[in-house]
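Let's take a friendly walk through a protein model, one step at a time. Keep the picture beside you and look for each part as we come to it.

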Amino acid sequence: MDAIFTIDQIDRVAAAFFKKCQKYKVWAFHAPMGAGKTTFISALCAHLGARDALSSPTFAIVNEYSSTTAGTLYHMDWYRLKTEAEAIDAGVEDLLSSGSYCFVEWPENAPNLLGPETVHLYLEVLDAQTRRLYIPEEQA
């Protein structure tokens, strides 16, 4: 799956990616700083009926949201993690195996915690307004 979009199309793209990838409970978002990972995850959570104020969990590592259609959602930001042991100490292993949807930013900081049930999504900045989100061919 591959989509090029602007912010005004993000809700439609989030809905399409969810429809395609809903079987995966863990979503790993690979992208550079400022690419829009949190913005996309916010659109995804809104699509799932989360009514909470969505923000980046950079300092908390994990934010928990309640969804009207999918139950509990976990939004994780592993940017500040120095080791996988820090992630384990923060309890993310339990959340990843909870059966709830987990949306992970900066998954490369603790890659061994992500199992084969993870869908890896790549977000690229094409210009100031345009992004490309894709899933590698082997997962699509």
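A strand, as the word is used here, is a DSSP run of E with at least two residues, and strands are numbered from the N terminus. Tyr134 is found in one of them, strand β7. Please keep in mind that you are looking at a predicted model.

Let's begin with the sheet. Strands of a sheet pair through backbone hydrogen bonds, either parallel or antiparallel. In this model, 7 strands form an open sheet in the order β1-β7-β6-β2-β5-β4-β3, with mixed pairing. β1 (2-6) and β3 (62-67) stand at the edges with a single partner strand each, so one side of each has no neighbour in the sheet. On average, neighbouring strands of this sheet are turned by 20 degrees against each other, direction ignored.

β3 and β4 run antiparallel and are joined by 6 bridges. Within that region, Ser67 stands opposite Gly71 in β4. On to the next pair: strand β4 (residues 71-77) pairs with β5 in the parallel sense, over 5 bridges. Here Tyr74 has Cys102 in β5 as its bridge partner. Strand β2 (residues 26-30) also runs parallel to β5, and 4 bridges join the two. Phe29, for its part, has Glu105 in β5 as its bridge partner.

Why is strand β5 (residues 101-105) described as largely enclosed by the rest of the structure? The reason is that 5 of its 5 residues are buried, and buried means under 20% relative accessible area. Tyr101, Phe103 and Glu105 point one way from β5, while Cys102 and Val104 point the other way, and all are buried. If you continue into the loop between β5 and β6, you reach Trp106. With a relative accessible area of 14%, Trp106 is buried. The phi of Trp106 is near 60 degrees, a positive value in a residue other than glycine.

Now turn to the helices. Two packed helices are described by the angle between their axes and the distance between the axes. Helix α1 (residues 10-21) and helix α2 (residues 37-47) pack at an angle of about 70 degrees, and their axes are 9 Å apart. α1 and α2 are therefore roughly perpendicular to each other, and their crossing is right-handed. Which residues meet where α1 packs against α2? From α1 come Ile10, Asp11, Val13, Ala14, Ala15, Phe17 and Phe18, and from α2 come Thr39, Phe40, Ala43, Leu44 and His47. Sorted by class, this contact of α1 with α2 has 9 nonpolar, 2 polar and 1 charged residues.

Stay with α2 for a moment. Its buried residues are Lys37, Phe40, Ile41, Ser42, Ala43, Leu44 and Cys45. Just after α2 comes Gly49, which takes a positive phi of about 90 degrees.

Finally, return to Tyr134 in strand β7. Which residues does Tyr134 contact, leaving aside its neighbours within four places in sequence? The contacts of Tyr134 are Met1, Asp2, Phe17, His120, Leu121, Tyr122 and Glu124. Take His120 as one of these: Tyr134 and His120 are 14 residues apart along the chain, and their C-alpha atoms are separated by 8.7 Å.

Note on methods
Residues numbered from 1 in each chain as written. Predicted model: local features only at pLDDT ≥ 70, side-chain atom pairs only at ≥ 80, totals over all residues. Heavy atoms only, no water. Axes fitted to C-alpha atoms, helices over the stretch in contact; angles between N-to-C directions. Parallel < 35°, antiparallel > 145°, perpendicular 65-115°, else oblique. Left-handed = near helix turned anticlockwise from the far one by under 90°. Contact = heavy atoms within 4.5 Å. Nonpolar A, V, L, I, M, F, W, Y, C, P; charged D, E, K, R; others polar. Buried < 20%, exposed > 50% of the residue type's maximum accessible area, 1.4 Å probe, protein only. Pairing = 2+ DSSP bridges.
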